[in-house]
Amino acid sequence: MCSKCGATMSDGSSLTPVCNIVTPVGMLGYGLDEAVTASLLADVIPNGAPTAIILDSGSTDSGPEKLALGCMSCPRGSYLRDLTKLVRLAWDFRVPLIFSSAGGDGSNEHVVEMLDILSEICGMEGNEHYKLKILAIFSEVSKSFVHERLEADAITGCGRYVPPLDPSFIESSPRIVSQMGPEPFYDAMIGTPDFNIVVGGRAYDPSPYIAFAAHATKTPLTNTSTPEAKRLWGGFTHLGKILECGGFCATPKCAAVRATMYQDGTFDLTPGDLESRCTPLSYMGSIKDPILIRQLDDVLKRIKGYVVQQHRDVKGTWDLDWHIYGQNQTTADGRPAEILLIGEALGSTQELANSVASAARIATIHGSYPDQKATSGNLAYGIGGKLESELGPCAQFSIYHLVELEDGEERLRLDDKSNALYRQQVLNLGQGKPQPSLARPPATLPAKMEPPAMHVTPTKMKYPAQPKTLGDVARVLRSKTAGPWEITFDVMFDTEAIFQLVKSTNFLNAAVLAELNGIREEEVVWSGFFDQALAYKGTIPRLQRGKPAANGGFMENDIHGSQKYIGLLTLLLPEEFINKWDSIQVDAE
(Lines give C-alpha, C1' and ligand atoms only; values in the text may rest on other atoms or scores of the structure.)
Protein backbone atom coordinates (compact mmCIF):
# COMPACT_ATOMS: atom_id res chain seq x y z
CA MET A 1 0.00 0.00 0.00
CA CYS A 2 1.20 3.50 -0.88
CA SER A 3 0.76 5.94 2.00
CA LYS A 4 -0.15 8.78 -0.33
CA CYS A 5 -2.35 7.24 -3.03
CA GLY A 6 -3.93 4.36 -1.12
CA ALA A 7 -4.23 0.70 -1.96
CA THR A 8 -3.07 -0.59 -5.32
CA MET A 9 -5.49 -2.87 -7.16
CA SER A 10 -4.58 -5.85 -9.33
CA ASP A 11 -5.26 -3.80 -12.46
CA GLY A 12 -2.85 -1.08 -11.34
CA SER A 13 -5.52 1.42 -10.30
CA SER A 14 -5.59 2.86 -6.81
CA LEU A 15 -8.19 3.41 -4.11
CA THR A 16 -8.37 6.66 -2.21
CA PRO A 17 -8.38 6.32 1.60
CA VAL A 18 -11.31 8.13 3.22
CA CYS A 19 -10.61 7.50 6.92
CA ASN A 20 -8.25 5.73 9.31
CA ILE A 21 -9.17 4.22 12.68
CA VAL A 22 -6.81 2.88 15.32
CA THR A 23 -8.16 0.68 18.12
CA PRO A 24 -5.43 0.29 20.76
CA VAL A 25 -7.21 -2.47 22.73
CA GLY A 26 -10.54 -4.25 22.58
CA MET A 27 -11.75 -2.84 25.90
CA LEU A 28 -10.92 0.41 27.66
CA GLY A 29 -9.33 -0.37 31.01
CA TYR A 30 -7.66 -3.60 29.85
CA GLY A 31 -4.25 -1.97 29.30
CA LEU A 32 -2.54 -0.82 26.10
CA ASP A 33 0.90 -0.31 24.63
CA GLU A 34 1.36 3.39 23.91
CA ALA A 35 4.34 2.87 21.59
CA VAL A 36 2.47 0.34 19.43
CA THR A 37 -0.53 2.65 19.15
CA ALA A 38 1.72 5.58 18.26
CA SER A 39 3.41 3.54 15.55
CA LEU A 40 0.07 2.56 14.00
CA LEU A 41 -0.99 6.22 13.96
CA ALA A 42 2.31 7.51 12.59
CA ASP A 43 2.32 5.06 9.69
CA VAL A 44 -1.14 5.96 8.45
CA ILE A 45 -1.59 9.69 9.06
CA PRO A 46 0.51 10.66 5.99
CA ASN A 47 -2.24 9.34 3.68
CA GLY A 48 -4.18 12.51 4.56
CA ALA A 49 -7.50 10.89 5.49
CA PRO A 50 -9.33 11.83 8.73
CA THR A 51 -8.03 9.67 11.56
CA ALA A 52 -9.38 8.75 15.01
CA ILE A 53 -8.64 6.56 18.01
CA ILE A 54 -11.82 4.58 18.74
CA LEU A 55 -12.50 1.82 21.24
CA ASP A 56 -15.29 0.18 23.20
CA SER A 57 -15.72 0.10 26.97
CA GLY A 58 -18.65 -2.25 27.57
CA SER A 59 -20.04 -5.73 27.14
CA THR A 60 -22.82 -7.99 28.36
CA ASP A 61 -20.30 -10.85 28.50
CA SER A 62 -19.43 -10.18 32.13
CA GLY A 63 -23.02 -10.27 33.38
CA PRO A 64 -25.47 -7.77 34.87
CA GLU A 65 -23.52 -6.72 37.94
CA LYS A 66 -22.35 -3.38 36.55
CA LEU A 67 -25.82 -2.12 35.73
CA ALA A 68 -27.46 -3.66 38.77
CA LEU A 69 -24.93 -2.51 41.35
CA GLY A 70 -23.47 0.58 39.70
CA CYS A 71 -19.92 -0.79 39.54
CA MET A 72 -17.50 -0.60 36.60
CA SER A 73 -15.84 -3.36 34.56
CA CYS A 74 -12.37 -2.34 35.72
CA PRO A 75 -11.05 -0.44 38.73
CA ARG A 76 -11.07 3.30 38.33
CA GLY A 77 -7.28 3.31 38.32
CA SER A 78 -7.27 1.14 35.19
CA TYR A 79 -9.39 3.69 33.33
CA LEU A 80 -7.19 6.51 34.60
CA ARG A 81 -4.08 4.66 33.39
CA ASP A 82 -5.46 3.94 29.92
CA LEU A 83 -7.07 7.33 29.38
CA THR A 84 -3.87 9.10 30.44
CA LYS A 85 -2.09 7.37 27.55
CA LEU A 86 -4.95 7.83 25.10
CA VAL A 87 -5.41 11.54 25.77
CA ARG A 88 -1.66 12.04 25.30
CA LEU A 89 -1.75 10.14 21.97
CA ALA A 90 -4.84 11.99 20.75
CA TRP A 91 -3.30 15.37 21.66
CA ASP A 92 0.13 14.65 20.23
CA PHE A 93 -1.23 13.30 16.92
CA ARG A 94 -4.09 15.84 16.77
CA VAL A 95 -6.73 13.17 16.31
CA PRO A 96 -10.01 12.67 18.20
CA LEU A 97 -10.53 10.00 20.87
CA ILE A 98 -13.92 8.26 20.91
CA PHE A 99 -15.19 5.55 23.22
CA SER A 100 -18.61 4.16 24.12
CA SER A 101 -20.38 2.25 26.93
CA ALA A 102 -18.42 4.19 29.52
CA GLY A 103 -17.42 2.23 32.59
CA GLY A 104 -18.63 -1.06 31.16
CA ASP A 105 -22.37 -0.44 31.45
CA GLY A 106 -22.68 2.99 29.86
CA SER A 107 -24.89 4.33 32.64
CA ASN A 108 -25.19 8.07 33.11
CA GLU A 109 -23.20 7.94 36.33
CA HIS A 110 -20.30 6.24 34.58
CA VAL A 111 -20.29 8.73 31.74
CA VAL A 112 -19.91 11.35 34.48
CA GLU A 113 -17.19 9.24 36.12
CA MET A 114 -15.21 9.17 32.86
CA LEU A 115 -15.57 12.95 32.62
CA ASP A 116 -14.22 13.19 36.15
CA ILE A 117 -11.24 11.02 35.19
CA LEU A 118 -10.57 13.19 32.14
CA SER A 119 -10.73 16.24 34.35
CA GLU A 120 -8.23 14.59 36.66
CA ILE A 121 -5.89 13.91 33.75
CA CYS A 122 -6.08 17.51 32.57
CA GLY A 123 -5.12 18.62 36.05
CA MET A 124 -2.04 16.41 36.31
CA GLU A 125 1.39 18.02 36.44
CA GLY A 126 2.76 18.25 32.91
CA ASN A 127 -0.67 18.39 31.27
CA GLU A 128 -1.21 22.14 31.65
CA HIS A 129 -1.23 22.50 27.85
CA TYR A 130 -4.39 20.43 27.40
CA LYS A 131 -7.56 22.19 26.28
CA LEU A 132 -10.11 19.53 25.44
CA LYS A 133 -13.58 19.84 23.98
CA ILE A 134 -15.45 16.76 25.22
CA LEU A 135 -18.84 15.51 24.03
CA ALA A 136 -20.78 13.40 26.54
CA ILE A 137 -23.66 11.29 25.26
CA PHE A 138 -26.12 9.76 27.75
CA SER A 139 -28.21 6.67 27.05
CA GLU A 140 -30.42 6.03 30.08
CA VAL A 141 -34.18 5.99 29.50
CA SER A 142 -37.00 6.58 31.98
CA LYS A 143 -39.09 3.82 33.47
CA SER A 144 -42.25 5.65 32.36
CA PHE A 145 -41.05 5.45 28.75
CA VAL A 146 -40.58 1.68 28.99
CA HIS A 147 -43.96 1.23 30.72
CA GLU A 148 -45.69 3.19 27.97
CA ARG A 149 -44.11 1.09 25.22
CA LEU A 150 -44.90 -2.14 27.04
CA GLU A 151 -48.56 -1.14 27.39
CA ALA A 152 -48.57 -0.36 23.66
CA ASP A 153 -47.34 -3.92 22.98
CA ALA A 154 -44.22 -2.44 21.39
CA ILE A 155 -41.64 -4.51 23.32
CA THR A 156 -40.53 -8.08 22.54
CA GLY A 157 -37.68 -10.27 23.74
CA CYS A 158 -34.33 -10.07 21.94
CA GLY A 159 -34.05 -13.77 21.16
CA ARG A 160 -36.40 -16.74 21.58
CA TYR A 161 -35.23 -17.60 25.11
CA VAL A 162 -35.62 -14.11 26.55
CA PRO A 163 -38.76 -14.14 28.75
CA PRO A 164 -41.54 -11.58 28.20
CA LEU A 165 -41.02 -8.26 29.93
CA ASP A 166 -43.02 -7.97 33.14
CA PRO A 167 -43.91 -4.53 34.56
CA SER A 168 -42.41 -5.58 37.88
CA PHE A 169 -39.01 -6.01 36.18
CA ILE A 170 -39.14 -2.38 35.10
CA GLU A 171 -39.87 -1.12 38.60
CA SER A 172 -37.19 -3.27 40.24
CA SER A 173 -34.41 -2.22 37.82
CA PRO A 174 -31.98 0.27 39.42
CA ARG A 175 -31.31 1.85 36.02
CA ILE A 176 -32.32 1.25 32.40
CA VAL A 177 -30.02 2.10 29.51
CA SER A 178 -30.72 1.90 25.81
CA GLN A 179 -28.24 0.52 23.32
CA MET A 180 -27.51 3.48 21.08
CA GLY A 181 -26.89 3.10 17.40
CA PRO A 182 -24.51 5.36 15.44
CA GLU A 183 -26.99 8.21 15.16
CA PRO A 184 -26.34 10.05 18.44
CA PHE A 185 -22.58 9.85 17.87
CA TYR A 186 -22.92 11.04 14.29
CA ASP A 187 -25.18 13.95 15.29
CA ALA A 188 -22.77 14.99 18.03
CA MET A 189 -19.80 14.97 15.64
CA ILE A 190 -21.66 16.91 12.97
CA GLY A 191 -22.95 19.45 15.47
CA THR A 192 -19.53 20.03 17.04
CA PRO A 193 -16.92 19.05 14.47
CA ASP A 194 -14.00 20.48 16.44
CA PHE A 195 -14.45 17.98 19.28
CA ASN A 196 -11.44 16.28 20.89
CA ILE A 197 -13.09 13.47 22.83
CA VAL A 198 -16.45 11.70 22.75
CA VAL A 199 -17.55 9.84 25.89
CA GLY A 200 -20.53 7.70 25.03
CA GLY A 201 -23.13 5.93 27.11
CA ARG A 202 -24.39 2.42 26.38
CA ALA A 203 -24.10 1.69 22.67
CA TYR A 204 -24.04 -1.08 20.09
CA ASP A 205 -20.31 -1.85 19.94
CA PRO A 206 -19.69 -0.74 16.31
CA SER A 207 -21.74 2.49 16.67
CA PRO A 208 -18.89 4.97 17.23
CA TYR A 209 -16.91 3.39 14.38
CA ILE A 210 -19.84 3.67 11.98
CA ALA A 211 -20.51 7.24 13.08
CA PHE A 212 -16.93 8.43 12.64
CA ALA A 213 -16.61 6.76 9.22
CA ALA A 214 -19.83 8.45 8.10
CA HIS A 215 -18.71 11.78 9.55
CA ALA A 216 -15.27 11.54 7.94
CA THR A 217 -16.69 10.65 4.53
CA LYS A 218 -19.54 13.19 4.81
CA THR A 219 -22.03 10.39 4.20
CA PRO A 220 -25.51 11.42 5.46
CA LEU A 221 -27.42 8.91 7.55
CA THR A 222 -30.28 9.00 5.05
CA ASN A 223 -28.05 8.29 2.03
CA THR A 224 -28.77 4.62 1.26
CA SER A 225 -30.47 5.00 -2.09
CA THR A 226 -27.60 3.97 -4.38
CA PRO A 227 -25.50 0.79 -4.58
CA GLU A 228 -22.40 2.88 -3.87
CA ALA A 229 -23.93 4.31 -0.67
CA LYS A 230 -25.08 0.86 0.46
CA ARG A 231 -21.56 -0.49 -0.02
CA LEU A 232 -20.20 2.33 2.12
CA TRP A 233 -22.67 1.69 4.94
CA GLY A 234 -22.01 -2.03 4.70
CA GLY A 235 -18.28 -1.33 4.92
CA PHE A 236 -18.76 1.01 7.89
CA THR A 237 -20.71 -1.65 9.80
CA HIS A 238 -18.42 -4.55 8.90
CA LEU A 239 -15.39 -2.47 9.86
CA GLY A 240 -16.91 -1.48 13.20
CA LYS A 241 -17.89 -5.03 14.08
CA ILE A 242 -14.33 -6.23 13.51
CA LEU A 243 -12.52 -3.35 15.22
CA GLU A 244 -14.63 -3.28 18.38
CA CYS A 245 -12.70 -6.32 19.64
CA GLY A 246 -9.33 -4.76 18.77
CA GLY A 247 -6.60 -7.14 17.62
CA PHE A 248 -8.74 -10.25 18.29
CA CYS A 249 -9.28 -10.27 14.52
CA ALA A 250 -5.61 -11.20 14.06
CA THR A 251 -3.81 -14.54 14.25
CA PRO A 252 -2.33 -14.84 16.84
CA LYS A 253 -4.67 -12.37 18.49
CA CYS A 254 -3.13 -9.17 19.83
CA ALA A 255 -4.36 -5.94 21.44
CA ALA A 256 -4.12 -3.16 18.83
CA VAL A 257 -5.30 -2.95 15.24
CA ARG A 258 -5.58 -0.25 12.57
CA ALA A 259 -7.96 0.09 9.65
CA THR A 260 -7.92 2.25 6.55
CA MET A 261 -11.22 2.54 4.68
CA TYR A 262 -11.47 3.40 0.97
CA GLN A 263 -14.10 5.18 -1.05
CA ASP A 264 -15.68 1.95 -2.34
CA GLY A 265 -16.40 0.57 1.15
CA THR A 266 -13.42 -1.80 1.31
CA PHE A 267 -10.79 -1.56 4.03
CA ASP A 268 -7.36 -2.81 5.11
CA LEU A 269 -6.52 -4.17 8.57
CA THR A 270 -3.08 -3.98 10.19
CA PRO A 271 -2.45 -5.64 13.59
CA GLY A 272 -0.21 -3.99 16.15
CA ASP A 273 1.94 -7.11 16.62
CA LEU A 274 4.34 -7.53 13.69
CA GLU A 275 4.05 -11.32 13.88
CA SER A 276 0.24 -11.30 13.83
CA ARG A 277 -1.76 -11.22 10.65
CA CYS A 278 -5.33 -10.47 9.62
CA THR A 279 -6.87 -12.90 7.14
CA PRO A 280 -10.40 -13.67 5.93
CA LEU A 281 -10.35 -16.66 8.31
CA SER A 282 -9.42 -14.86 11.57
CA TYR A 283 -12.25 -13.38 13.75
CA MET A 284 -12.74 -12.31 16.86
CA GLY A 285 -12.08 -19.99 37.20
CA SER A 286 -11.33 -23.31 36.04
CA ILE A 287 -9.27 -24.45 33.10
CA LYS A 288 -10.31 -27.51 31.10
CA ASP A 289 -8.38 -27.11 27.85
CA PRO A 290 -5.61 -29.77 27.73
CA ILE A 291 -3.54 -27.62 25.35
CA LEU A 292 -3.42 -24.80 27.90
CA ILE A 293 -3.01 -27.11 30.89
CA ARG A 294 0.16 -28.65 29.41
CA GLN A 295 1.89 -25.25 29.37
CA LEU A 296 0.18 -23.54 32.30
CA ASP A 297 3.40 -22.61 34.16
CA ASP A 298 4.78 -20.72 31.15
CA VAL A 299 1.45 -18.98 30.54
CA LEU A 300 1.25 -17.81 34.16
CA LYS A 301 4.78 -16.36 33.89
CA ARG A 302 3.72 -14.36 30.81
CA ILE A 303 0.59 -13.21 32.61
CA LYS A 304 2.64 -11.81 35.47
CA GLY A 305 4.91 -10.12 32.92
CA TYR A 306 1.83 -8.46 31.43
CA VAL A 307 0.71 -7.23 34.86
CA VAL A 308 4.20 -5.84 35.51
CA GLN A 309 4.12 -4.06 32.15
CA GLN A 310 0.73 -2.47 32.84
CA HIS A 311 1.77 -1.23 36.31
CA ARG A 312 5.25 -0.02 35.44
CA ASP A 313 4.57 3.61 36.37
CA VAL A 314 1.96 3.05 39.08
CA LYS A 315 2.86 4.25 42.57
CA GLY A 316 2.72 1.76 45.40
CA THR A 317 3.81 -1.84 45.97
CA TRP A 318 2.04 -5.04 44.95
CA ASP A 319 2.45 -8.78 44.50
CA LEU A 320 0.59 -11.47 42.60
CA ASP A 321 0.49 -15.25 42.69
CA TRP A 322 -1.82 -18.20 42.01
CA HIS A 323 -3.24 -21.11 43.97
CA ILE A 324 -3.28 -24.04 41.53
CA TYR A 325 -5.41 -27.07 42.35
CA GLY A 326 -5.39 -30.28 40.30
CA GLN A 327 -2.22 -29.71 38.29
CA ASN A 328 -0.43 -32.82 36.96
CA GLN A 329 -3.53 -34.93 37.55
CA THR A 330 -5.29 -37.04 34.92
CA THR A 331 -8.81 -38.32 34.46
CA ALA A 332 -9.75 -42.01 34.28
CA ASP A 333 -9.33 -41.99 30.51
CA GLY A 334 -5.86 -40.39 30.67
CA ARG A 335 -6.76 -36.76 29.85
CA PRO A 336 -5.43 -33.81 31.90
CA ALA A 337 -7.79 -33.13 34.79
CA GLU A 338 -9.59 -29.80 35.18
CA ILE A 339 -7.52 -27.22 37.06
CA LEU A 340 -8.88 -24.78 39.63
CA LEU A 341 -6.94 -21.51 39.51
CA ILE A 342 -7.28 -18.82 42.17
CA GLY A 343 -5.28 -15.62 41.72
CA GLU A 344 -4.34 -13.59 44.77
CA ALA A 345 -3.28 -9.94 44.54
CA LEU A 346 -1.71 -7.91 47.33
CA GLY A 347 -1.39 -4.14 47.05
CA SER A 348 -0.41 -1.19 49.21
CA THR A 349 -3.95 0.13 48.62
CA GLN A 350 -7.22 -1.62 47.85
CA GLU A 351 -7.43 0.25 44.55
CA LEU A 352 -3.99 -1.01 43.51
CA ALA A 353 -4.85 -4.58 44.56
CA ASN A 354 -8.04 -4.33 42.49
CA SER A 355 -6.09 -3.08 39.49
CA VAL A 356 -3.52 -5.90 39.74
CA ALA A 357 -6.25 -8.52 40.12
CA SER A 358 -8.19 -7.07 37.18
CA ALA A 359 -5.15 -7.01 34.88
CA ALA A 360 -4.27 -10.59 35.88
CA ARG A 361 -7.84 -11.74 35.24
CA ILE A 362 -7.89 -10.10 31.82
CA ALA A 363 -4.57 -11.66 30.80
CA THR A 364 -5.57 -15.06 32.18
CA ILE A 365 -8.82 -15.04 30.22
CA HIS A 366 -7.57 -13.56 26.96
CA GLY A 367 -3.82 -14.28 26.80
CA SER A 368 -2.53 -16.20 23.80
CA TYR A 369 -0.53 -19.41 24.05
CA PRO A 370 1.12 -21.68 21.45
CA ASP A 371 -1.26 -23.94 19.47
CA GLN A 372 -4.29 -22.13 20.94
CA LYS A 373 -7.62 -23.10 19.43
CA ALA A 374 -10.05 -21.51 21.90
CA THR A 375 -9.49 -17.84 21.08
CA SER A 376 -12.53 -16.46 22.90
CA GLY A 377 -11.35 -17.18 26.44
CA ASN A 378 -9.22 -19.48 28.58
CA LEU A 379 -11.01 -19.56 31.91
CA ALA A 380 -14.41 -20.60 33.27
CA TYR A 381 -15.01 -18.02 35.98
CA GLY A 382 -17.57 -15.82 37.67
CA ILE A 383 -18.93 -17.27 40.92
CA GLY A 384 -22.15 -15.38 41.53
CA GLY A 385 -21.33 -13.22 38.53
CA LYS A 386 -18.32 -11.64 40.26
CA LEU A 387 -15.19 -10.75 38.29
CA GLU A 388 -12.92 -10.12 41.29
CA SER A 389 -13.64 -10.46 45.01
CA GLU A 390 -12.22 -7.92 47.44
CA LEU A 391 -10.86 -9.63 50.55
CA GLY A 392 -10.12 -6.41 52.40
CA PRO A 393 -6.85 -5.38 54.04
CA CYS A 394 -4.04 -7.92 54.19
CA ALA A 395 -1.60 -6.94 56.97
CA GLN A 396 1.74 -7.82 58.52
CA PHE A 397 3.42 -6.34 61.59
CA SER A 398 5.64 -3.32 60.78
CA ILE A 399 4.81 -0.40 63.09
CA TYR A 400 3.48 -0.83 66.62
CA HIS A 401 4.07 2.59 68.21
CA LEU A 402 2.18 5.32 70.03
CA VAL A 403 1.92 8.97 68.88
CA GLU A 404 0.27 11.76 70.86
CA LEU A 405 -1.87 14.08 68.75
CA GLU A 406 -3.14 17.60 69.29
CA ASP A 407 -6.80 18.24 68.89
CA GLY A 408 -7.84 18.34 65.24
CA GLU A 409 -4.77 16.72 63.74
CA GLU A 410 -6.80 13.65 62.81
CA ARG A 411 -9.05 15.71 60.49
CA LEU A 412 -9.04 16.57 56.80
CA ARG A 413 -7.41 19.94 56.02
CA LEU A 414 -9.98 22.32 54.53
CA ASP A 415 -8.04 25.59 54.77
CA ASP A 416 -4.54 26.88 55.50
CA LYS A 417 -5.39 27.64 59.13
CA SER A 418 -6.16 24.03 59.97
CA ASN A 419 -3.56 21.89 61.70
CA ALA A 420 -5.02 18.71 60.22
CA LEU A 421 -2.53 16.19 58.92
CA TYR A 422 -4.53 15.23 55.87
CA ARG A 423 -5.41 17.38 52.84
CA GLN A 424 -7.34 17.12 49.59
CA GLN A 425 -6.59 18.25 46.03
CA VAL A 426 -9.18 19.96 43.80
CA LEU A 427 -8.66 19.37 40.08
CA ASN A 428 -9.62 21.71 37.23
CA LEU A 429 -10.03 21.08 33.49
CA GLY A 430 -7.15 21.96 31.18
CA GLN A 431 -6.35 25.62 30.69
CA GLY A 432 -4.14 25.43 27.60
CA LYS A 433 -4.90 26.56 24.07
CA PRO A 434 -7.10 24.50 21.70
CA GLN A 435 -5.11 22.07 19.57
CA PRO A 436 -5.13 22.62 15.77
CA SER A 437 -7.37 20.03 14.15
CA LEU A 438 -5.00 18.93 11.38
CA ALA A 439 -3.70 15.46 12.21
CA ARG A 440 0.05 15.00 12.06
CA PRO A 441 2.71 12.81 13.69
CA PRO A 442 4.46 14.43 16.68
CA ALA A 443 8.13 15.34 16.46
CA THR A 444 9.06 12.36 18.63
CA LEU A 445 7.23 9.10 19.21
CA PRO A 446 7.08 7.13 22.47
CA ALA A 447 10.10 4.89 22.87
CA LYS A 448 9.58 1.38 21.57
CA MET A 449 8.72 -0.95 24.38
CA GLU A 450 9.72 -4.59 24.68
CA PRO A 451 7.51 -7.14 22.87
CA PRO A 452 4.15 -7.59 24.62
CA ALA A 453 4.43 -9.84 27.65
CA MET A 454 1.71 -12.08 26.24
CA HIS A 455 3.31 -12.25 22.79
CA VAL A 456 3.14 -15.62 21.04
CA THR A 457 5.05 -16.42 17.85
CA PRO A 458 2.61 -17.78 15.25
CA THR A 459 3.04 -21.43 14.35
CA LYS A 460 1.85 -23.44 11.39
CA MET A 461 -0.97 -25.86 12.11
CA LYS A 462 0.34 -29.41 12.53
CA TYR A 463 -1.94 -32.41 12.22
CA PRO A 464 -1.48 -35.91 13.64
CA ALA A 465 -1.01 -38.66 11.09
CA GLN A 466 -4.18 -40.30 12.38
CA PRO A 467 -6.50 -37.69 13.91
CA LYS A 468 -9.02 -38.90 16.45
CA THR A 469 -10.93 -35.83 17.64
CA LEU A 470 -12.34 -32.63 16.20
CA GLY A 471 -9.65 -30.76 18.15
CA ASP A 472 -7.01 -32.56 16.08
CA VAL A 473 -8.22 -31.01 12.81
CA ALA A 474 -9.72 -27.62 13.80
CA ARG A 475 -7.59 -24.46 13.71
CA VAL A 476 -9.94 -22.51 16.00
CA LEU A 477 -12.44 -24.10 18.38
CA ARG A 478 -14.12 -21.82 20.90
CA SER A 479 -17.25 -20.86 22.78
CA LYS A 480 -18.48 -17.62 24.31
CA THR A 481 -21.51 -15.75 25.52
CA ALA A 482 -23.64 -14.39 22.67
CA GLY A 483 -25.76 -11.91 24.57
CA PRO A 484 -26.93 -12.73 28.09
CA TRP A 485 -29.15 -15.66 27.15
CA GLU A 486 -27.16 -17.68 24.62
CA ILE A 487 -23.79 -19.38 24.06
CA THR A 488 -22.28 -19.69 20.62
CA PHE A 489 -19.64 -22.10 19.28
CA ASP A 490 -17.17 -21.51 16.42
CA VAL A 491 -15.16 -24.25 14.72
CA MET A 492 -12.80 -23.01 11.97
CA PHE A 493 -10.47 -24.90 9.66
CA ASP A 494 -7.23 -24.04 7.90
CA THR A 495 -7.93 -25.51 4.47
CA GLU A 496 -10.82 -25.89 2.07
CA ALA A 497 -10.17 -29.62 1.85
CA ILE A 498 -10.52 -30.24 5.60
CA PHE A 499 -13.57 -28.02 5.79
CA GLN A 500 -15.30 -29.81 2.94
CA LEU A 501 -14.50 -33.21 4.46
CA VAL A 502 -16.04 -32.11 7.78
CA LYS A 503 -19.05 -30.73 5.96
CA SER A 504 -19.59 -33.80 3.76
CA THR A 505 -19.35 -36.32 6.60
CA ASN A 506 -22.05 -34.34 8.48
CA PHE A 507 -20.95 -35.05 12.03
CA LEU A 508 -21.31 -31.41 13.05
CA ASN A 509 -25.02 -30.65 13.28
CA ALA A 510 -27.78 -29.58 15.64
CA ALA A 511 -28.33 -33.11 16.95
CA VAL A 512 -24.68 -33.51 17.97
CA LEU A 513 -24.57 -30.02 19.51
CA ALA A 514 -27.69 -30.82 21.51
CA GLU A 515 -26.32 -34.15 22.76
CA LEU A 516 -23.01 -32.61 23.85
CA ASN A 517 -24.81 -29.93 25.86
CA GLY A 518 -27.64 -31.96 27.35
CA ILE A 519 -30.50 -30.24 25.54
CA ARG A 520 -33.12 -31.28 22.97
CA GLU A 521 -32.33 -30.76 19.31
CA GLU A 522 -35.26 -28.39 18.90
CA GLU A 523 -33.77 -26.16 21.60
CA VAL A 524 -30.69 -25.39 19.48
CA VAL A 525 -30.95 -21.77 18.36
CA TRP A 526 -28.87 -22.16 15.18
CA SER A 527 -26.55 -24.68 13.57
CA GLY A 528 -24.82 -24.49 10.22
CA PHE A 529 -21.73 -23.96 8.08
CA PHE A 530 -20.32 -20.67 6.87
CA ASP A 531 -18.36 -21.42 3.69
CA GLN A 532 -16.62 -18.02 3.40
CA ALA A 533 -14.86 -18.55 6.75
CA LEU A 534 -14.39 -22.34 6.42
CA ALA A 535 -16.35 -22.55 9.64
CA TYR A 536 -19.15 -24.27 11.52
CA LYS A 537 -21.24 -22.24 13.96
CA GLY A 538 -23.82 -23.33 16.50
CA THR A 539 -25.75 -21.44 19.16
CA ILE A 540 -27.59 -22.83 22.19
CA PRO A 541 -29.52 -21.31 25.08
CA ARG A 542 -27.87 -20.70 28.43
CA LEU A 543 -29.50 -23.04 30.91
CA GLN A 544 -29.39 -23.16 34.69
CA ARG A 545 -31.03 -26.21 36.27
CA GLY A 546 -32.71 -26.98 32.98
CA LYS A 547 -34.26 -23.54 32.50
CA PRO A 548 -33.12 -20.57 30.38
CA ALA A 549 -31.03 -18.17 32.46
CA ALA A 550 -28.93 -15.09 31.71
CA ASN A 551 -25.22 -15.05 32.43
CA GLY A 552 -23.82 -13.65 35.64
CA GLY A 553 -26.68 -14.78 37.90
CA PHE A 554 -27.02 -17.18 40.82
CA MET A 555 -24.82 -20.30 40.62
CA GLU A 556 -22.87 -18.95 37.61
CA ASN A 557 -19.64 -20.82 36.95
CA ASP A 558 -18.64 -19.63 33.47
CA ILE A 559 -19.81 -16.07 33.06
CA HIS A 560 -18.05 -15.63 29.70
CA GLY A 561 -19.09 -19.05 28.38
CA SER A 562 -15.53 -19.55 27.19
CA GLN A 563 -15.05 -23.10 28.51
CA LYS A 564 -18.20 -24.68 27.08
CA TYR A 565 -16.44 -25.93 23.95
CA ILE A 566 -14.65 -28.91 25.54
CA GLY A 567 -17.26 -31.38 24.29
CA LEU A 568 -16.55 -30.28 20.72
CA LEU A 569 -12.79 -30.30 21.28
CA THR A 570 -12.87 -33.97 22.32
CA LEU A 571 -15.63 -35.05 19.92
CA LEU A 572 -14.56 -38.29 18.22
CA LEU A 573 -14.26 -38.15 14.45
CA PRO A 574 -16.44 -40.62 12.54
CA GLU A 575 -14.80 -43.53 10.70
CA GLU A 576 -15.83 -42.07 7.35
CA PHE A 577 -13.79 -38.94 8.09
CA ILE A 578 -10.75 -40.89 9.32
CA ASN A 579 -10.82 -43.21 6.29
CA LYS A 580 -10.74 -40.23 3.91
CA TRP A 581 -8.09 -38.30 5.87
CA ASP A 582 -5.16 -39.73 3.89
CA SER A 583 -6.58 -38.23 0.70
CA ILE A 584 -6.09 -34.69 2.11
CA GLN A 585 -2.70 -33.07 1.65
CA VAL A 586 -1.70 -31.69 5.07
CA ASP A 587 1.50 -31.34 7.07
CA ALA A 588 1.23 -34.20 9.55
CA GLU A 589 3.46 -34.70 12.58
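## Strands 1 and 2

Strand 1 (residues 17–23) and strand 2 (residues 51–56) run parallel and are joined by three bridges. Across this pair, Asn20 stands opposite Thr51 in strand 2. The model described here is a predicted one.

## Helix 8 and helix 9

Helix 8 (residues 207–217) also packs with helix 9 (residues 227–243). The angle between the two helices is about 140°, and their axes are 8 Å apart. Angles over 145 degrees would count as roughly antiparallel and those from 65 to 115 as roughly perpendicular; helix 8 and helix 9 are therefore oblique to each other. Their crossing is right-handed.

On the helix 8 side, the residues that meet helix 9 are Tyr209, Ile210, Ala213, Ala214 and Thr217. On the helix 9 side, they are Trp233, Phe236, Thr237, Gly240 and Leu243. The residues of this contact divide into seven nonpolar and three polar, with no charged residue.

Another open sheet has four strands in the order 15-16-18-17, and its pairing is antiparallel. Here strand 15 (476–481) and strand 17 (526–530) are at the edges. Each has a single partner strand, so one side of each has no neighbour in the sheet. Neighbouring strands of this sheet are turned against each other by 15° on average, direction ignored.

Within this sheet, strand 16 (residues 486–492) pairs with strand 18 (residues 535–541) in the antiparallel sense, over seven bridges. Ile487 has Ile540 in strand 18 as its bridge partner.

A helix packs on this sheet as well: helix 15 (residues 510–517) touches strand 16, strand 17 and strand 18. The direction of helix 15 makes about 50° with that of strand 18.

Definitions and conventions
Residues are numbered from 1 along each chain as its sequence is written. This is a predicted model: local features need pLDDT of at least 70, side-chain atom pairs count only at pLDDT 80 or more; totals for chains, interfaces and linings use all residues. Side-chain values use heavy atoms; hydrogens and water are left out. Axes are lines fitted to C-alpha atoms, for helices over the stretch in contact, and angles run from 0 to 180 degrees between N-to-C directions. Angles under 35 degrees count as roughly parallel, over 145 as roughly antiparallel, 65 to 115 as roughly perpendicular and the rest as oblique. A crossing is left-handed if the near helix is turned anticlockwise from the far one by less than a right angle, and right-handed if clockwise. Contact means heavy atoms within 4.5 Å. Ala, Val, Leu, Ile, Met, Phe, Trp, Tyr, Cys and Pro count as nonpolar, Asp, Glu, Lys and Arg as charged, and the others, Gly among them, as polar. Two strands pair if DSSP finds at least two bridges between them.
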